[in-house]
Amino acid sequence: KVLYERALRIKEKHYGDNHVEVTGCLNNLSNVFQDQGEYDQAKVFTQRALRIMEKHYGEDHVEVSSPLNNFANCLQHQGDYDQAKVLYQRALHILRKHYG
């Protein structure tokens, strides 16, 4: 976790807080917090990555499917199955559209 946080700070300093280059670090941190059962904190990183990617690529780009899936995982673990399903379906739709 500490190394991912350090990498995030470095990328934010170099690229800026809302650059697409920081999203990998954000997703990695989200995964770490999910593994630790800290889903509220994981959602913060995932939502930020999702916003950046949607702004950079557009809402239906294949790159958006990863943070969508991560966000859905957080919601599922917190028992919000209905919202998780919506996000999983959106991610699946994007992947099917892209890969067929």
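Hi everyone, let's start at Ala-49, which, leaving aside neighbours within four places in sequence, is in contact (heavy atoms within 4.5 Å) with Thr-23, Leu-26, Asn-27 and Pro-67. A word on the source: this is a predicted model, where local features need pLDDT of at least 70 and side-chain atom pairs count only at pLDDT 80 or more, while totals for chains, interfaces and linings use all residues. Residues are numbered from 1 along each chain as its sequence is written, and side-chain values use heavy atoms, with hydrogens and water left out.

Ala-49 belongs to the largest nonpolar core, a set of twelve residues that includes Leu-26, Phe-33, Phe-45 and Cys-74. By nonpolar core I mean buried Ala, Val, Leu, Ile, Met, Phe, Trp, Tyr and Cys residues joined through side-chain atoms within 4.5 Å; buried means under 20% relative accessible area, with a 1.4 Å probe and protein chains only.

Now, which residues form an aromatic pair? Phe-33 and Phe-45 do, and the pair is stacked, at 5.6 Å centre to centre and 10° between the planes. Rings of Phe, Tyr and Trp (its six-membered ring) pair if their centres lie within 6.5 Å, and planes under 30 degrees apart count as stacked. Phe-33 is buried at 4% relative accessible area, and Phe-45 is buried at 12%.

Last, the cysteines: how many disulfides are there? The count is zero, taking a disulfide as a pair of cysteine sulfur atoms within 2.5 Å. For Cys-25, the nearest cysteine sulfur is that of Cys-74, 17 Å away. Cys-25 is buried at 7% relative accessibility, and Cys-74 is buried at 0%.

Notes: Buried < 20%, exposed > 50% of the residue type's maximum accessible area, 1.4 Å probe, protein only. Phe/Tyr/Trp six-rings, centres within 6.5 Å; stacked < 30°, edge-to-face > 60°.
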